[in-house]
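Hi everyone, thanks for coming. Let me put the model up on the screen, and then we can walk through it together.

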Amino acid sequence: MSSKTTESGPLLLALPGAESLAAAIAAGCGGETAGVTTHRFPDGESLVRLESSVAGRHVVLTAYLHEPDAKLLPLLFAADTARELGATRVTLVAPYLPYMRQDMRFRPGEAVTSHTFAAVVSAHVDALLTIDPHLHRIASLDAIYPIRARALRAAPAMADWLRHEVPLPLLVGPDSESAQWVEGVAALVGAPWTVLDKQRFGDHDVAVAFREVPDWRGRTPVLLDDIVSTGRTLAAAARALIAAGAAAPLCVGVHALCNSDAEQALRAAGVTRLVTCDTVPHPTNAIPVAPLLAAALADLEAS
Ligand code: R5P
């Protein structure tokens, strides 16, 4: 088995596709990196192999978990293998934590997937680091993750980007739960902020309304949300802003889950630009999160 490890610092094992992220985090926290390779047998089952010895190491599995279903089993196989081969602890770094929006049974018979996903992951790793998980009806990750689970805020990184790119922003969240992200970023950039009221009627059918129309004069409206999926939430908000007399807004999102026509929907609604954090690889990524993750990992390592 190949190895490029020493006996100190965390060992970041990158799941397929997360190699650059693992390297950037390792560079920021004095860790080392190796890969996890996977092979799909003709029957559709997976072979998983850790490309480093892990005995005596703090192993940090680093994974992008958008489109999570096919990624989950290889991740769990890797976590169990690290434990079996002597890792002292196994941490999962997943900048986007999936399944957090299904935090209740909206209709009879639906699975509350945020709970099941949390239980499954928690049975296989000792700690979790993630960024701005969608916390709405669940107050904190501790409510559903029995392991040490830390939710980092992308707000400082987003505020940094805004400070350099948008001289006088007015931040707008498209719904009440976005207040937690919008307020944090607004405080850091010293900008006014407001949130809209949203109603969702279906995957592609969203309506928003103002509580009160803010004073736009001299300011660039910036729509800010945690997740961009179909883009319909931000598109509806952009239309409402423009109808209320604001200039065409730009949008800043944390997690670019963007489906194929999300960007087109935003353009059609008058959005000038979509910028996202790199928690999910996407052409709109402009705000790096590796420094946040590296600092949090260094803290965890020291504890
Ligand atoms: C929902 O509550 C989230 O905060 C986002 O507003 C939502 O997931 C965005 O989805 P979409 O882009 O499909 O409207």
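How many bridges join strand β2 to strand β3? Five bridges join β2, residues 32-40, to β3, residues 46-50, and the two strands run antiparallel. Strands here are DSSP runs of E with at least two residues, helices are runs of H or I with at least four, and both are numbered from the N terminus. Two strands pair if DSSP finds at least two bridges between them.

Before going on, this is a predicted model: local features need pLDDT of at least 70, side-chain atom pairs count only at pLDDT 80 or more, and totals for chains, interfaces and linings use all residues. Residues are numbered from 1 along each chain as its sequence is written, and side-chain values use heavy atoms, with hydrogens and water left out.

Back to our strands. H39 has L47 in β3 as its bridge partner. β2 and β3 form a hairpin with five residues between them, and G44 in the turn has a positive phi of about 95 degrees.

For polar contacts, meaning pairs of N or O atoms within 3.5 Å, an oxygen atom of the ligand is 2.5 Å from a side-chain N or O atom of D225. For D226 the corresponding distance is 2.6 Å, and for K198 it is 3.1 Å.

Note on methods: Polar contact = N/O pair within 3.5 Å; in protein donor to acceptor, adjacent residues only side chain to side chain.
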